Amino acid sequence: MTYAAITGWGKCMPPAVLTNADLATFLETDDEWITSRTGMKERRVSHVHGVEMAYVASMHALACAGLNASDIDLIVYGSCSNDETVPNTASGLQYKLGASNAASMDVNTACTSFLYAYSTANAMIRTGVVKRALIVGVELVSRYMDWNNRGVAVLFGDGCAAIVIEATEEKTGLLAETLGCFSDARGILRISGYGATYANQGVVFGDMGWVFDGPQIFKKAVQGMTEASAKTLIKAGVTADQIDLVVPHQANSRIIESVAKYAGLPMSKVHLTVSKYGNMSAATVPVALVEALEEGKIGPRAKLLMPAFGAGLTLCSHYVEWGDRITPKDVSNVSLPPCEKTALEMVNEIRAAKLDSSRSTPGIEASYVVDQRPFGTQ
Ligand code: UT7
């Protein structure tokens, strides 16, 4: 039987840090409220496009696997902050990497996009359609955030990570998963005007706004992640006490504590990043996974559980058995260009642009867009 081993991993965190104190300079909020209600202290704000972060994370993942971009035959780009719908964003990453032999597709299920992308690529390897896949979880939420709404602005951050999976006859990788969606609650997390570039100028804010019923999402998240995890463990034939590490979606430390409690798992077995990165939507689980590897928390043959939820409300839980190798084959020296501004300066620029809805998001280069002609020109 064919399985799909994780052979490469890499992350790309933008350097600019936005603290709770920064948020309190323009919102009626404070460190005590944010920390006690969410567990968050800091988050990152990117000075580059999602594809630029994805490129850096992918180059690290490819080096880790000992592969070139041309070895990859499938790219799955998990994100909900795509600037464009047509063409898809995976093709932008394929172009930038020079991964000319790869099929390229986007998967958008909001915060669960990386794990849904992983399921898709894993199934395509296990059924023999492709042999080597690059899976990306990336989010550039800062450009689309309603920074004047304290109910959401304190919760999210930017980031990216990628993994490479390869066909193997060894029983390893993603062995069981549960995917679902509470579509009757799809109206409680909704963003108008999200993810659309006009005139190659970046985001035009217009009527963009967030519908976000935090307490209802909280309840559905705990229910969805708990039920999906229980089903996944049964499918895998594994009990909770056999799990070595939980790498969950990180939207709120209180949600994670509840899910761990219902699943019968101690918090000592949960890898947390929420205090320093906030909720990076699709990037949250892969960044936490890569970080857990870097910190030596994942050993050979480790048994991992990865529950998540997002707008839709989509939900899932993945069971992964790690292989033997926990160190990179090689290391890439590719990195982001330096960031000249503070996170707060970038956020204040976005807020100023939103006040004037005729203006677009300032200063972000779409270097992966091949054709940069202004809208309307032939
Ligand atoms: O990945 C999917 C994304 N979604 C989520 O993960 C959201 C899940 N939900 C949550 O994490 C929590 O519901 C929140 C962190 C969003 C909110 O926490 P909560 O304990 O459910 O608070 P709440 O919404 O019930 O609000 C309590 C109070 C309200 O004031 P009043 O009505 O009691 O006077 C809010 O207006 O806290 C107020 N509040 C704030 N105060 C200071 C809301 N946001 C803030 C803020 N700073 N940033």
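Biologist: Is alanine 110 buried or exposed?

Modeller: In this predicted model, alanine 110 is buried, because its relative accessible area is 8%, and buried here means under 20%. The residue sits in the loop between β5 (103-107) and α5.

Biologist: And what is its phi near?

Modeller: Phi of alanine 110 is near 60°, which is a positive value in a residue other than glycine. Most residues other than glycine have a negative phi.

Biologist: Which serine has a positive phi too?

Modeller: Serine 281 has a positive phi of about 50°, although it is not a glycine. Serine 281 lies in the loop between α9 (274-277) and α10, and, with a relative accessibility of 3%, it counts as buried.

Biologist: Okay, stepping back, how many helices and strands are there in the chain?

Modeller: The protein chain has eleven helices and 13 strands. Of its 378 residues, 58% are buried, and among the contacts with a separation of 6 or more, 80% are between residues 24 or more positions apart.

Biologist: What does the pLDDT of the chain average?

Modeller: The average pLDDT is 91, and 90% of the residues score at least 70. Over residues 362-378, however, pLDDT stays under 50, and the model has 30 contacts beyond four places in sequence for that stretch. Where pLDDT is low, the predicted coordinates should not be read in detail.

Biologist: Let's go inside, then. Which residues touch the most other members of the largest nonpolar core?

Modeller: That core has 42 residues, and Tyr118, Ile163, Ile165, Ile298 and Trp322 touch the most other members. Several elements each supply at least two residues of this core, including strands β1 (3-12), β6 (132-139) and β7 (159-168), as well as helices α5 (113-126) and α10 (284-294). A second, separate core has 30 residues, among them Val48, Ala69, Ala90 and Ala102.

Biologist: What is isoleucine 165 in contact with?

Modeller: Leaving aside neighbours within four places in sequence, isoleucine 165 is in contact with several residues, including Ala4, Ala5, Ile6, Tyr118, Ala121, Ile125, Ala133 and Ile135. Its contacts also include Asn122, Lys131 and Arg132.

Biologist: And threonine 7, where does that lie?

Modeller: Threonine 7 lies in strand β1 and counts as buried, at 13% relative accessibility. Beyond four places in sequence, threonine 7 is in contact with Cys64, Ala65, Val164, Glu166 and Arg325.

Biologist: How many residues apart are threonine 7 and tryptophan 322 in sequence?

Modeller: Threonine 7 and tryptophan 322 are 315 residues apart in sequence, while their C-alpha atoms are 9.5 Å apart in space.

Biologist: New topic: what does helix α3 look like?

Modeller: Helix α3 takes in residues 50-65, 16 residues in total, and reaches 22 Å from its first C-alpha to its last, close to the 22 Å expected at 1.5 Å a residue. The helix is mostly covered, with 14 of its 16 residues buried, and glycine 66, which follows α3, has a positive phi near 70°.

Key: Residues numbered from 1 in each chain as written. Predicted model: local features only at pLDDT ≥ 70, side-chain atom pairs only at ≥ 80, totals over all residues. Heavy atoms only, no water. Helix = DSSP H or I, 4+ residues; strand = E, 2+ residues; numbered from the N terminus. Expected span 1.5 Å × (residues − 1). Buried < 20%, exposed > 50% of the residue type's maximum accessible area, 1.4 Å probe, protein only. Core = buried A, V, L, I, M, F, W, Y, C linked by side-chain atoms within 4.5 Å. Contact = heavy atoms within 4.5 Å. pLDDT = per-residue confidence, 0-100.
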